[in-house]
Amino acid sequence: MNATYVPADYLPILIQMALALGFIVTTMLVTHAIGPKRNSVKKDDPFECGIPVQGDARTPISIKYFLIAILFVLFDVEVIFLYPWAVNFKGLGMTGFIEMVLFMGLLLAGFYYIIRKGVLKWE
């Protein structure tokens, strides 16, 4: 099937996008214009789970926290690649097996490097 598209074919999509954007902008402007504007100390106080605010929200946090979070996401995403490989294991044959062994080797080498650097040691 060889279909050619002209710019006019995209007109309904552009109209729908313009209407959605117009609705969003109109709704935000109207709610801002007619909404209540009663400010008070109690209303402007940050609220989180009913717990009173303690300290400053901008306290410095150790870089280790962010490093561990990034490493978790990195290794979690890499493990996601194991599922499609396992589903298509027979269809990929020996080539797919060798590629996965290389992938797992690189993954474990990275994990070994992280452990040797002491990134996962929380002080």
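**Helix packing and annotated spans in a predicted model**

Confidence in the protein is highest in helix α1 (residues 11–34), at a mean of 96, and lowest in helix α2 (residues 41–44), at 76; pLDDT is the predictor's confidence in each residue, from 0 to 100. The mean pLDDT of the protein is 85, with 95% of its residues at 70 or more. This is a predicted model, in which local features need pLDDT of at least 70, side-chain atom pairs count only at pLDDT 80 or more, and totals for chains, interfaces and linings use all residues. Residues are numbered from 1 along each chain as its sequence is written, and side-chain values use heavy atoms, leaving out hydrogens and water.

**Packing of α3 and α5**

- Helix α3 (residues 63–80) and helix α5 (residues 89–117) have axes that come within 11 Å and cross at roughly 165°.
- α3 and α5 are therefore roughly antiparallel (angle over 145 degrees).
- The crossing of α3 past α5 is left-handed (the near helix is turned anticlockwise from the far one by less than a right angle).
- From α3, L71, F75 and E78 meet F103, L107, G110, F111 and I114 of α5 (heavy atoms within 4.5 Å).
- By class, this contact of α3 with α5 has 6 nonpolar, 1 polar and 1 charged residues; Gly counts as polar and Glu as charged, while Leu, Phe and Ile are among the nonpolar.

**Annotated spans**

- The unreviewed UniProt entry annotates residues 13–34, 65–86 and 92–115 as "transmembrane region"; such annotations may be inferred rather than shown by experiment.
- Residues 13–34 are 100% helix and 0% strand, with end C-alpha atoms 32 Å apart; helices are DSSP runs (H or I) of at least four residues, and strands (E) of at least two.
- Residues 65–86 are 95% helix and 0% strand, and their end C-alpha atoms lie 32 Å apart.

Technical notes: Axes fitted to C-alpha atoms, helices over the stretch in contact; angles between N-to-C directions. Parallel < 35°, antiparallel > 145°, perpendicular 65-115°, else oblique.
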